[in-house]
Each structure stands twice: as C-alpha cells, then as structure tokens.
Amino acid sequence: SYRLLPVLIHRSKEERGVMHTLLSQQENYEDILPERLSSGDISAFVTIMRGCNNYCAYCVVPYVRGRERSRNPQTIIAEVKDLVSKGYKEVTLLGQNVNSYHWEDPSGKTLTFAGLLGLVAEVNPLLRVRFATSHPKDLSDDILHVMAGYANICKSIHLPLQSGSDAVLRKMNRGYSSEEYMKRIEAVYSIVPGCTVTTDIIAGFCGETEEDHQATLNIMRRAGYDYAYMFKYNPRPGTYAAEHYPDDVPDEVKTRRLNEIIALQQELSEKNKQAEKGKIVEVLVEGPSKKSPDEFSGRTSQNRVVVFPRGNSRPGDYVNVLITGYTPATLTGVIR
Ligand code: SF4
C-alpha cells in the first residue's frame with residue numbers, strides 16, 4: 001500500500017531491492033492530502049473512491065484496484081476547502097464509477113454520490129465541480145437533479161457507451177441495454193438542459209458483427225455526443241474476455257469500423273460546435289493557448305475548449321466570450 005511508502009523509502013536506504021506489491025482492499029486515500037507540486041494551477045482532481053465492482057469483460061481495473069470503497073466525505077470536503085484556500089477554481093471528483101459512491105457513518109446514516117456532489121458544490125459557489133467517470137446503469141435522476149440545481153456543477157457528463165449492440169453489451173457484461181442507455185441520455189438532456197455528453201467506444205469487440213457496428217453508429221447519432229474516446233478492441237491479459245472469447249474481428253475490419261466511428265463523431269462534434277456560434281458563454285481561463293501567447297484558452301461549463309484574444313483577463317478568471325467560430329479542436333471567440 002502507498003501508506004507504507006515512508007517506511008519503504010527509509011528501508012531502501014539500508015537494504016537493496018525493497019518492494020511491496022500487495023493490493024490493499026481497504027485503502028481509499030483517506031486522510032492523505034496530496035502534495036501539489038505546481039503552483040498557480042486552476043484545476044485539481046480529488047479522488048472520492050477506489051476500485052470497481054463491475055467486472056466488464058475487457059477491463060483489468062477490478063483485478064488491479066480491487067472492490068469499490070468510498071472515502072469519508074469529511075476528508076473529501078476538507079481537501080476541497082484546502083484547494084479553494086489555495087486558489088483552485090475547479091475540482092474534478094474522481095473514481096472508476098463515481099455514481100456508486102456510498103458512505104455510511106457509524107450511526108448508520110448514509111450518503112450517496114448525489115448528496116456528496118451537493119456538499120462539494122456548496123463549499124464555494126465560484127468553485128466549478130466536475131466528476132468522472134459515470135457508469136450508465138448507476139446514473140440516477142437524483143444526481144441529475146443535483147447537477148441542475150447548482151450553477152457551479154458543470155453541465156457535462158462522461159457516459160461510456162462502449163457498444164450500441166445489445167448482444168455485444170451483454171458479452172461485455174456492461175449491465176445495460178442500448179435502450180436503457182438511451183433512456184439515461186434522454187434523462188440527462190431533459191433534467192439538465194444544455195448538458196453535453198461525451199463517451200468511450202470500443203470498435204471490434206469479440207464477435208462484433210456488421211449489424212452490431214451499425215447499432216453503435218445508430219446510438220451515436222441519437223445521443224449526439226460532444227466528444228468521444230474511440231479505440232480498437234485489444235485484449236488485456238487476465239480479463240474475462242481475453243480468457244474466454246476469441247479476438248475474432250480481423251484487424252483491418254476493426255480499423256475500418258473505428259474510422260467510421262471517428263468520422264461520425266467528427267460530424268457530431270462539428271454540428272454541436274456550429275450550434276454554439278453567436279452564443280455568449282462563461283469561460284474559466286486556464287492559460288495561454290497552444291498556438292499563440294496573445295491568446296488564452298479556457299473551458300465552458302460544458303467542458304468545451306474556447307480560444308480567444310486574452311485582453312486583460314488572467315488565468316483563473318471567469319470571462320464571458322462571444323463564440324465567433326471553431327477549429328477541429330476548439331471554439332474560438334472574443335471577450336464580451
Ligand atoms: S470498464 Fe469501468 S465500470 Fe467496467 S470494470 Fe472497468 S472500471 Fe469498472
């Protein structure tokens with residue numbers, strides 16, 4: 001466990017080859033305030049839970065991180081307050097499946113992720129709050145209502161689809177059907193208006209047919225994702241899929257399907273960016289853009305990157321930007 005690091009470092013001065021590889025089933029980063037080495041940062045990650053109980057067929061996480069355990073909310077709030085006092089403007093609550101966060105205190109009182117999200121949002125109304133990652137089967141309406149109820153909870157959700165085919169989803173052990181997934185997407189758009197949804201998609205999972213692939217493209221069109229992380233299936237040793245299913249989609253077919261998924265996502269992203277033109281959006285300034293020191297880049301609540309002439313703004317400021325155009329990667333605009 002990482003808690004033994006001080007002991008291991010001390011012992012390494014006296015012995016050669018000190019190691020400790022046992023995974024702790026209890027550790028959840030409680031009472032450990034990370035040392036943040038860079039100063040002037042705007043955004044920080046705060047771990048709220050560790051591990052995963054889901055055992056998706058292709059994933060190693062439950063084997064390497066163990067089962068889910070949630071962190072004491074008091075230590076989470078203390079860390080967030082500490083970040084605010086140091087000038088941070090945004091926190092991202094992190095876990096493999098934050099929606100299944102669950103804390104029970106000694107009196108039996110419980111706290112869900114929806115409750116925790118509200119507590120973090122109340123630390124400071126100028127602190128932006130994000131979270132990742134959500135599992136579609138655990139994204140409750142309660143969470144969405146809390147998102148809608150606090151202006152400082154960012155209106156963006158990462159909701160991994162992986163496949164739009166029910167047969168493939170079953171084989172992946174994802175725990176939802178394509179229609180159940182779409183019901184969650186509809187709930188997001190109706191309860192949290194203006195929210196963007198991003199996703200993960202795997203092309204060419206074991207046994208995936210052309211029809212399965214078309215089902216994925218179909219869900220992508222219906223969901224209207226703002227952005228997607230897209231991969232070819234690659235078996236991970238030790239996982240259920242690697243041990244039980246042949247990796248039988250030829251590589252050239254995986255590549256072609258992945259390219260079709262990427263091309264469709266580019267269309268969807270462009271359509272969403274086009275719809276932003278002419279709007280004034282609030283941007284949290286992060287720092288100089290990659291291309292010019294005269295321009296700043298920052299993010300909207302919807303997690304869209306915006307590049308604009310810096311004017312008198314400084315990193316950490318909230319500025320209103322009129323969106324005038326876009327590039328393949330960002331929105332562009334001017335401060336209003
Ligand atoms: S893909 Fe995500 S939900 Fe599934 S086992 Fe891995 S970490 Fe858990």
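**Exercise 1. Pairing in the open sheet**

Task: Find the residue in E7 that stands opposite Glu90, then build up the sheet around this pair.

Solution. 
- Step 1. Glu90 stands opposite Arg128 in E7. Strands here are DSSP runs of E with at least two residues; helices are runs of H or I with at least four, and both are numbered from the N terminus.
- Step 2. Strand E4 covers residues 90-94, and five bridges join E4 to E7. The two run parallel. Two strands count as paired if DSSP finds at least two bridges between them.
- Step 3. The open sheet has three strands, E1-E4-E7, with parallel pairing.
- Step 4. Look at the edges. Strand E1 (43-47) and strand E7 (128-132) each have a single partner strand, so one side of each has no neighbour in the sheet.
- Step 5. Axes are lines fitted to C-alpha atoms, for helices over the stretch in contact; angles run from 0 to 180 degrees between N-to-C directions.
- Step 6. Helix H3 (residues 73-85) lies across E1 and E4, at about 170° to E1.

A note on the source: this is a predicted model, where local features need pLDDT of at least 70 and side-chain atom pairs count only at pLDDT 80 or more, while totals for chains, interfaces and linings use all residues. Residues are numbered from 1 along each chain as its sequence is written, and side-chain values use heavy atoms, leaving out hydrogens and water.

**Exercise 2. A helix and a loop residue**

Task: Which residues of H4 are buried, and what covers them?

Solution. 
- Step 1. Set the cut-offs. Buried means under 20% relative accessible area, exposed over 50%, and partly exposed in between, with a 1.4 Å probe and protein chains only.
- Step 2. List the residues. Phe113, Ala114, Leu116, Leu117, Gly118, Val120 and Ala121 of H4 are buried.
- Step 3. Draw the conclusion. Helix H4 spans residues 113-121; seven of its nine residues are buried, so H4 is largely enclosed by the rest of the structure.
- Step 4. Name the cover. It includes H3, E4, strand E6 (110-112), E7 and helix H5 (141-149). Contact means heavy atoms within 4.5 Å.
- Step 5. Asn97 sits in the loop between E4 and strand E5 (102-104). Asn97 is buried, at 1% relative accessible area.
- Step 6. Find what Asn97 touches. Leaving out residues up to four places away in sequence, its contacts are Met49, Asn54, Glu68, Thr133, Ser134, His135 and Asp138.

**Exercise 3. The barrel**

Task: In what order do the five strands close into a barrel?

Solution. 
- Step 1. The order is E11-E12-E13-E15-E14, with mixed pairing. Its neighbouring strands are turned by 50° against each other on average, direction ignored.
- Step 2. Place the helix. H10 (residues 251-276) packs on the sheet and touches strand E11 (280-288), strand E14 (318-326) and strand E15 (331-335). The direction of H10 makes about 120° with that of E14.
- Step 3. Take the pairs in turn. E12 (residues 295-300) and E13 (residues 305-309) are antiparallel over five bridges; here Arg299 stands opposite Val305.
- Step 4. E11 and E14 are antiparallel, again over five bridges. Leu284 has Tyr318 in E14 as its bridge partner.
- Step 5. E14 and E15 run antiparallel, joined by five bridges. Gly325 faces Thr332 in E15. A hairpin of four residues links these two strands.
- Step 6. Check one residue. Pro288 lies in strand E11 and is exposed, at 54% relative accessible area. Apart from neighbours within four places in sequence, Pro288 contacts Glu295, Phe296 and Ser297.

**Exercise 4. The ligand shell**

Task: How many residues of each class surround the ligand?

Solution. 
- Step 1. List the shell: Cys52, Asn54, Tyr55, Cys56, Tyr58, Cys59, Val61, Pro62, Gln96, His135 and Arg174.
- Step 2. Sort by class. Ala, Val, Leu, Ile, Met, Phe, Trp, Tyr, Cys and Pro are nonpolar; Asp, Glu, Lys and Arg are charged; the others, Gly among them, are polar.
- Step 3. The count is seven nonpolar, three polar and one charged.

Technical notes
Near = heavy atom within 4 Å.
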